[in-house]
Amino acid sequence: MWRATSVEAGAGSLRALPPFFSLYIHVPLCRSLCPYCHFYRIPPRPGDEERYLKALCLEASALGPKAPGPVRTIYVGGGTPSLLPSSFYIRLFSNLRDLFVLEDLKETTVEVDARITKDELFGLADAGFDRVSIGIKSFQKDSLKKLGVRHDNEKSPAVAGWARDAGFSSVGIDLLYGFEGQKMRDLITDLETGLAVKPDHISMYALQECEEQGPRELDPDITAQMFRESRRVLTAGGFCQYEICNFARPGHISLQNLNYWMDGDYFGLGPSSHSALTLGGSRRRWANKNDLDAYLNNPVNVREELSVEDSKESPAEALILALRLASGVDSEAFALRYGTDPRKLLGSSLAEFRDLGLLRSSSRKIRLTTRGMLLSNEVFERIL
Amino acid sequence: MGKNRIRNFSIIAHIDHGKSTLADRILELTGAVSKRDMTTQILDSMDIERERGITIKAQTARLSYQASDGETYQLNLIDTPGHVDFSYEVSRSLSACEGAILVVDASQGVEAQTIANAYLAVEQDLVIIPVINKIDLPGADPDRVRNELKSVLGFDPEEVIEVSAKEGTGVPQLLDAIVRRIPTPSGDPDAPVRGFIIDSWYDNYVGVVSLVRIFDGTLENRSRLRLMGHGGEYDLSELGIFSPVATPVSCLFAGEVGYLVTGIKDIQVMKVGETVTIASRPAKEPLPGFRTARPMVFAGLYPAASEDFSRLRDALEKLKLNDSSLVFDPETSEALGFGFRCGFLGMLHMEVVQERLERHFELDLVTTAPTVVYRALARDDQWVDVDNPAMMPGAGDVVEVEEPYVRSTIMLPDLYLGGVLGLLTERRGVQRSMNYLEDRRVILEYDLPLAEVIYDFYDKLKTLSRGYASLDYEPLGYRSGDLVKLELLVNGEPVDALSVIVPKEKAYYRGRDLASKMKELIPRQMFEVVIQAAIGNRVIARESVKALRKNVLAKCYGGDVTRKRKLLEKQKEGKKRMKSVGRIQIPQDAFMAILEVEK
């Protein structure tokens with residue numbers, strides 16, 4: 001009943017589409033701590049690898065029996081998951097196979113940084129990953145410097161090609177924009193280089209500054225221009241914007257991310273990972289604490305319950321997530337699943353947002369316009 | 001005790017000249033409070049007063065003192081507020097005394113309030129004992145101050161007593177002077193009872209408690225009281241004195257000061273200035289009455305969250321129990337919803353009320369810019385009082401507008417005269433007199449529109465004089481002015497709570513500044529916001545806030561939906577605290593911003 005986007009229509013059987021059940025594994029290790037990054041990560045320490053594997057397996061064995069069904073996608077994010085050797089993932093997957101049903105896997109993603117070697121990519125492909133997401137951020141030395149990234153990026157354009165050689169069936173890159181000192185010209189160069197390396201998926205993230213340190217955001221009006229420019233260049237390059245920040249060639253939408261936006265279930269493993277599960281009419285969300293040592297000592301006891309919502313409240317959150325998708329929300333399908341018409345959740349704001357050019361709605365569909373995407377927080381806030 | 005052993009007195013001083021410290025020392029020396037129990041400044045019992053170092057509600061204490069003549073005297077210290085907003089309360093405290101101690105700081109010298117307070121005491125025919133305090137400080141110059149007391153207020157240098165309230169030096173001599181110089185209370189102990197209500201306040205346990213000075217007769221507990229002004233009769237349920245703790249007594253004699261309780265719940269019944277007598281043997285004439293304190297400054301007080309309206313009303317009613325000078329009436333603003341138009345004695349009074357509402361009652365308030373009460377003569381020849389600028393009739397319907405004036409006394413070193421005279425001119429002041437003192441100080445008398453004084457005048461005066469100038473003022477009545485109503489419009493809609501009445505010649509600049517200040521304060525919205533300042537139909541300034549272009553969160557990383565939700569909730573919470581005019585969100589600060597605009 002859930003049709004993601006028109007580009008996805010040819011991707012396979014409907015059963016392959018979310019909502020379904022996913023696993024997320026967080027690797028909180030990074031060689032250097034980039035100042036623009038808000039995620040939990042620490043520099044690797046000798047001995048952590050072995051203990052981390054054990055901890056992950058222990059947590060997985062506690063969660064395994066609670067899985068609501070077969071796992072459709074796995075995503076290993078970080079941090080820098082490529083800091084761990086392929087042998088780590090071979091052992092991890094062999095453990096997970098005993099605890100979860102992995103026979104129906106549609107997508108297994110690993111995040112890597114732009115400093116990865118060809119050999120490492122081959123190793124990861126051999127370990128069972130079929131999708132790779134390369135953290136490019138920018139192809140330009142100057143821009144990386146403005147972002148506070150120390151390492152060089154000469155190999156960056158080559159990485160996507162190596163990934164293809166290694167056998168990954170889907171290759172994604174991500175780019176950052178909207179940071180102080182960046183010019184429109186710099187962004188276009190990055191977009192053009194990005195298209196030239198021929199990825200299947202491109203994420204465009206606007207910088208969000210931390211409170212005290214790190215690079216500053218550009219004037220929001222300029223960033224808004226950049227958002228529109230990115231959309232223009234990438235669309236012309238054969239990509240379709242299927243979510244506020246994400247673009248894909250037909251058949252290459254990230255199913256894992258789609259599952260988040262379509263309010264599917266997922267278990268997160270590792271420190272700082274998040275989980276969501278619908279059980280008996282209530283929606284539970286929990287997260288592991290941002291503390292690797294606590295996790296290594298007791299991986300099943302670092303959980304923090306974030307929310308338990310009865311079915312009356314969860315539609316608002318589901319609508320916010322779903323409206324991030326370019327295809328918008330199908331009112332009938334939504335009402336069938338949540339018992340509430342999304343138009344009712346928007347109330348009188350629907351007409352107001354339509355007048356302001358933020359929303360477009362037909363008899364069945366409601367979706368954000370490009371301007372609506374840029375002002376999506378204004379829309380979402382009303383839904384809450 | 002015979003009334004020839006009674007001395008009733010107050011301490012009066014310019015702010016910070018050490019009135020409360022001196023009161024503490026007197027309490028300690030007379031044994032009313034032991035040194036060990038002494039918290040500094042015991043008479044200022046309310047926490048806000050203590051934090052700000054000011055005395056707001058007058059309190060009192062009966063002290064027993066053995067003088068150098070070997071006799072024991074009853075000293076009634078009647079405390080007075082120390083801020084210009086409350087000069088009315090000072091004079092009502094003084095009306096219960098025969099003498100006053102005038103405290104002057106040994107380095108600051110005579111200040112504006114010193115003069116104002118001395119005049120209040122003179123008006124009441126009190127004996128004044130001039131005291132130079134803080135003689136222990138390195139900067140003390142008692143000789144200079146002695147000369148000032150002579151030249152400005154005409155005190156004989158011989159009668160001035162030097163003390164250090166902090167160290168206690170000179171305080172025994174002062175106590176002896178109180179006994180020797182302050183006259184015994186007059187009044188007939190055998191005549192029908194006449195008691196004067198100095199102050200009334202509400203106590204949660206016993207109801208209204210009143211501070212009373214007995215002028216004639218003997219008031220016995222359990223008597224049936226008649227209120228000569230109000231007309232009602234009530235049974236006395238408790239009679240007592242403050243020592244400084246409340247201590248019941250069986251009777252109060254002519255000349256004494258104490259408290260009485262009748263079980264009355266409404267403070268308006270036992271008004272300040274009321275004369276009480278005994279129903280069975282009533283006095284013929286009441287004591288000379290007291291004019292009611294009139295609020296000088298008005299502002300709209302609105303709950304930040306509209307559902308708090310009834311909590312705000314209850315809180316104001318509770319405050320009113322103890323503050324007869326606070327007035328409030330419900331009003332409605334399009335921008336701010338339901339709230340109250342409140343009247344205050346002055347800005348300090350307003351701040352104290354605001355702070356009590358916020359601190360004791362945990363209310364989040366939006367306050368509109370304070371205003372004075374204007375009088376407008378309408379076409380139909382009727383005068384109307386306007387305590388809310390939004391209510392000022394349109395220019396076409398008004399024949400004349402009057403505004404309240406005050407006579408101000410300002411003392412300052414002549415070094416800063418240039419800047420201060422400039423400020424006074426800018427604030428539409430009219431000079432009455434200018435006199436030089438011996439020590440290169442100047443006393444200015446100026447008539448000023450109250451509207452020019454209430455907000456930041458004192459701060460500006462202090463800045464221009466590096467803190468050396470002092471100010472006091474008293475109401476002078478109404479004068480005609482060339483005044484207009486300046487309105488602020490957002491997307492064509494007038495915002496009632498942002499209207500302000502200004503002198504015509506300043507209207508253009510004020511309008512322009514106000515519009516640009518609003519541009520800074522109003523956040524970007526999903527559409528363009530046009531801000532206009534207008535007089536009647538004439539727009540005199542225009543600014544615009546561009547439409548918001550981007551407000552979007554990036555990644556939904558690793559399924560962390562909760563963090564996103566929290567950010568959205570925070571954003572929503574922020575908007576909730578704003579007020580909306582049509583579809584436009586206006587932050588609360590904007591409603592006070594009128595005042596921050598450079599005049």
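This is a predicted model: local features need pLDDT of at least 70, side-chain atom pairs count only at pLDDT 80 or more; totals for chains, interfaces and linings use all residues.

A: The part to look at is helix α5 of chain A, which runs over residues 156–166.

Start with its buried residues. They are S156(A), V159(A), A160(A), W162(A), A163(A) and A166(A). Buried here means under 20% relative accessible area. Now look down the axis. These residues cover an arc of only 165°, so they lie on the same side of α5(A). An α-helix has 3.6 residues a turn, so residues three or four places apart point the same way.

Next, follow the chain past the end of the helix. Just after α5(A) comes G167(A), with a positive phi of about 110°.

Now step back to chain B. Chain B holds 14 helices and 33 strands. Its C-alpha trace spans about 85 × 70 × 55 Å along the principal axes. A compact globule of 599 residues would have a radius of gyration near 25 Å, and the 27 Å of chain B agrees with that. Of the 599 residues in chain B, 57% are buried. Contacts also reach along the sequence. Among those in chain B with a separation of 6 or more, 70% join residues 24 or more positions apart.

Finally, the surface. Chain B exposes about 25,200 Å², and carbon and sulfur atoms supply 48% of that area. Chain B carries 75 positive and 88 negative charges, whose mean positions are 7 Å apart.

Notes
Residues are numbered from 1 along each chain as its sequence is written. Chains are lettered from A and ligands numbered from 1 in the order in which they are written. Side-chain values use heavy atoms; hydrogens and water are left out. Helices (H or I, at least four residues) and strands (E, at least two) are DSSP runs, numbered from the N terminus. The radius of gyration is taken over C-alpha atoms; the globule rule is 2.2 Å times the number of residues to the power 0.38. Buried means under 20% relative accessible area, exposed over 50%, partly exposed in between (1.4 Å probe, protein chains only). Contact means heavy atoms within 4.5 Å. Accessible areas come from the Shrake-Rupley method with a 1.4 Å probe; for residues, only the protein chains shown count as cover. Lys and Arg count as positive and Asp and Glu as negative; His and the chain ends are not counted. The place of a charge is taken as NZ of Lys, CZ of Arg, CG of Asp or CD of Glu. The arc is that of the directions from the helix axis to the C-beta atoms.
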